[in-house]
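Q: I've just opened this one and would like to walk through it piece by piece. Could you help me find my way around?

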Amino acid sequence: MRIAVTGSIATDHLMTFPGRFADQLVADQLHTVSLSFLVDNLDVRRGGVAANICFGMGVLGTGPILVGAAGADFDEYRAWLDRHGVDTGSVRISEVLHTARFVCTTDADHNQIGSFYTGAMSEARLIELKAVADRVGGLDLVSIGADDPEGMLRHTEECRSRGIPFAADFSQQIARMDGEEIRILLDGATYLFSNEYEKGLIESKTGWTDEEILAKVGHRVTTLGARGVRIEQAGQESIEVGCPEEESKVDPTGVGDAFRAGFLSGLAWGVGLERAAQVGCMLATLVIETVGTQEYTLRRAHFMDRFTKAYGHDAAAEVRTHLG
């Protein structure tokens, strides 16, 4: 099963200021702020929702196709993804813009000052999915994640016009989208991904009830934080899957992307929805135990031992066949 994942490709530049921002602000001079903070360290992490999802699918061995836009500075990141089983042949390289990046400084009180540079991500709207499909011999599913908003709309319309099944996954972009855009992006989706808060926001912005949305999508996949995930389909009993026990809780960043990576990998293997969700929850647990979205190591024996403990021997036997 050939799955393409569209969405952002970015790097995070994270710095720590040992003092307090509040101590540097002069109350009657806030209209003319000019500050520079001497930071203790710089942590550069690979990120972007599409790249995070593809990394997870790559380490699970399902050969995802990354579709997005990056800059000429993407070479090192591309090599990293290539080494971890990701097909990066459909990444558009901008001739004039850098890869998107988030630059953030955190102070001793955990207050943050950050900026997001969209950069090459704005060129995602220029990518044609037909060219991607022609290069790899067809697409069975396209997951449309947070990206340049116009690019998301164009990818969705192209999937509809070419009859390619697609998953709608707005995540960070849902806050800036209006009801009409969200209605366009989800109508006819084979899968609709969101967390609980986003689920309510989708219903509020579209004016559609939960039942009306279920009638317009094949499956609604709602992540529930520490409680796992719920999968709903019109006229069917919902499926709920809990999370494995955590060994530690280090950093929640990228947990949702990891769940999607595991779930989509399960679909690629052809296992059922419950089993796919279990793989997603297991991978998400590895990420929450690690600092960074792509810094975890998938040791197959360790993965399967914990998967067996969480979901039982029958479930593990089915997954082990595909995981190797």
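Q: Which residue in E13 is the bridge partner of Thr 222?
A: In this model, which is a predicted one, Thr 222 has Arg 230 of E13 as its bridge partner.

Q: OK, and how many bridges join E12 to E13, and which way do the two run?
A: Strand E12, residues 219–223, and strand E13, residues 229–232, are joined by four bridges, and the two strands run antiparallel.

Q: What sheet do they sit in, and in what order do its strands come?
A: They belong to an open sheet of eight strands with mixed pairing, and the order across it is E4-E1-E9-E10-E11-E12-E13-E14. The edges are taken by strand E4 (65–67) and strand E14 (239–241), and since each of these has a single partner strand, one side of each is left without a neighbour in the sheet. From one strand to the next, the twist averages 20°.

Q: Which strands does H3 touch?
A: Helix H3, residues 129–136, packs on the sheet and touches strand E1 (3–6), E4 and strand E9 (141–144), with its direction at about 160° to that of E4.

Q: And where does H9 lie?
A: Helix H9, residues 273–288, lies across strand E11 (191–195), E12, E13 and E14, and runs at about 25° to E14.

Q: Switching to helix pairs: at what angle do H5 and H6 cross?
A: The axes of helix H5 (residues 179–186) and helix H6 (residues 196–206) cross at roughly 115° and come within 8 Å, so the two helices are roughly perpendicular to each other. The crossing in which H5 passes H6 is left-handed.

Q: Which residues meet there?
A: From H5, Gly 179, Ile 182, Arg 183 and Leu 186 meet Ile 202, Lys 205 and Thr 206 of H6. By type, the residues of this contact of H5 with H6 are three nonpolar, two polar and two charged.

Q: What about H1 and H8, is their crossing left-handed or right-handed?
A: That crossing of H1 and H8 is right-handed. The axes of helix H1 (residues 49–59) and helix H8 (residues 255–269) come within 8 Å and cross at roughly 50°, and they are therefore oblique to each other. Among the residues that meet are Val 49, Ile 53 and Met 57 in H1, and Arg 260, Ala 261 and Leu 264 in H8.

Q: Last one: how many helices and strands does the protein chain have?
A: The secondary structure of the protein chain comes to eleven helices and 14 strands. Its radius of gyration is 20 Å, close to the 20 Å given by the globule rule for 324 residues, so the chain is as compact as a globular protein of that length.

Key:
Residues numbered from 1 in each chain as written. Predicted model: local features only at pLDDT ≥ 70, side-chain atom pairs only at ≥ 80, totals over all residues. Heavy atoms only, no water. Axes fitted to C-alpha atoms, helices over the stretch in contact; angles between N-to-C directions. Parallel < 35°, antiparallel > 145°, perpendicular 65-115°, else oblique. Left-handed = near helix turned anticlockwise from the far one by under 90°. Contact = heavy atoms within 4.5 Å. Nonpolar A, V, L, I, M, F, W, Y, C, P; charged D, E, K, R; others polar. Pairing = 2+ DSSP bridges. Rg over C-alpha atoms; globule rule 2.2 N^0.38 Å.
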